[in-house]
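This report describes selected local features of one structure. The sequence and the coordinates come first.

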Amino acid sequence: MSQEKAVKFVNQLKWKQVIAVVAGVAIAGGVMAFTQDMSREAIAERIQPSMKVRVAGDEPQQQAAAAAGDRSGEQVYNQACAACHTGGILGAPRKGVADDWTDRLPQGMAVLLEHSINGFNAMPPRGGCARCTDDEIEAAIEFMIADL
Ligand code: HEC
């Protein structure tokens, strides 16, 4: 190989490498776009079947109903509200502590519920429980103020 030919060969090689890198990046981008597309709905769909597995003797309808918004006030409270409302975190009115509720109760349930659903200062909307229904939130409030 003459020197001139060798230089040409190297130049060609570089172009091949550049093309390979560009192609690689394009493919990687495509794969990333694809995997991102696989997020949320796709993942939810993929994990769904495992959630449908039931042990013989289970009562699927009752379970489905409980998941779909029939949890008791106590269940919702323990799951979504207790973290703040048991110890009074961030100034949250404590469950069962009458003093914490003296200025709040007179607002009436409609306002308490509205504040709980939409959020109120440091109180996050629905206490952060996006899948809690309005009825469940109301039941949780009732559970919180039941023994005042
Ligand atoms: C991240 C902490 C946090 C969680 C979780 C939380 N709260 Fe609160 N909540 C607060 C704070 C803080 C306040 C006081 C807000 C204020 O008056 O400035 C509050 C206030 C309230 C009030 C009184 C509102 C008013 O108008 O006086 C109700 C009712 C309430 N929360 C219900 C709930 C319910 C029901 C849940 C669960 C579904 C819940 N909270 C979860 C922090 C929380």
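Helices (H or I, at least four residues) and strands (E, at least two) are DSSP runs, numbered from the N terminus. The model is predicted: local features need pLDDT of at least 70, side-chain atom pairs count only at pLDDT 80 or more, and totals for chains, interfaces and linings use all residues. Residue numbers start from 1 along each chain as its sequence is written.

**Loop residues**

Leu90 sits in the loop between H4 and helix H5 (98–101). Burial is counted on C-beta atoms placed from the backbone: a residue is buried if 20 or more others lie within 10 Å of its own, exposed if 12 or fewer, and partly exposed in between. Leu90 has 10 such neighbours inside 10 Å and therefore counts as exposed. Apart from neighbours within four places in sequence, Leu90 is in contact with Cys84 and Ala122, contact meaning that the C-beta atoms, placed from the backbone, lie within 7 Å. Leu90 and Ala122 are 32 residues apart in sequence, and their C-alpha atoms are 6.9 Å apart in space.

The loop between H6 and H7 holds Asn121 and also Arg126. Asn121 has a positive phi although it is not a glycine, and Arg126 likewise has a positive phi in a residue other than glycine.

| Residue | Phi | C-beta neighbours within 10 Å | Class |
|---|---|---|---|
| Arg126 | near 55° | 21 | buried |

**Ligand shell**

Of the 30 residues around the ligand, Cys81, Cys84, Asn121, Met123 and Gly127 come nearest; a residue is near a molecule if its C-beta atom, placed from the backbone, lies within 6 Å of it. Two or more residues of this shell come from each of helix H4 (73–85), helix H6 (109–118) and helix H7 (134–145). H4 gives the most, with 6 residues. By class the shell has 20 nonpolar, 8 polar and 2 charged residues, where Ala, Val, Leu, Ile, Met, Phe, Trp, Tyr, Cys and Pro count as nonpolar, Asp, Glu, Lys and Arg as charged, and the others, Gly among them, as polar.

Methods: Two residues are in contact if their C-beta atoms, placed from the backbone, lie within 7 Å.
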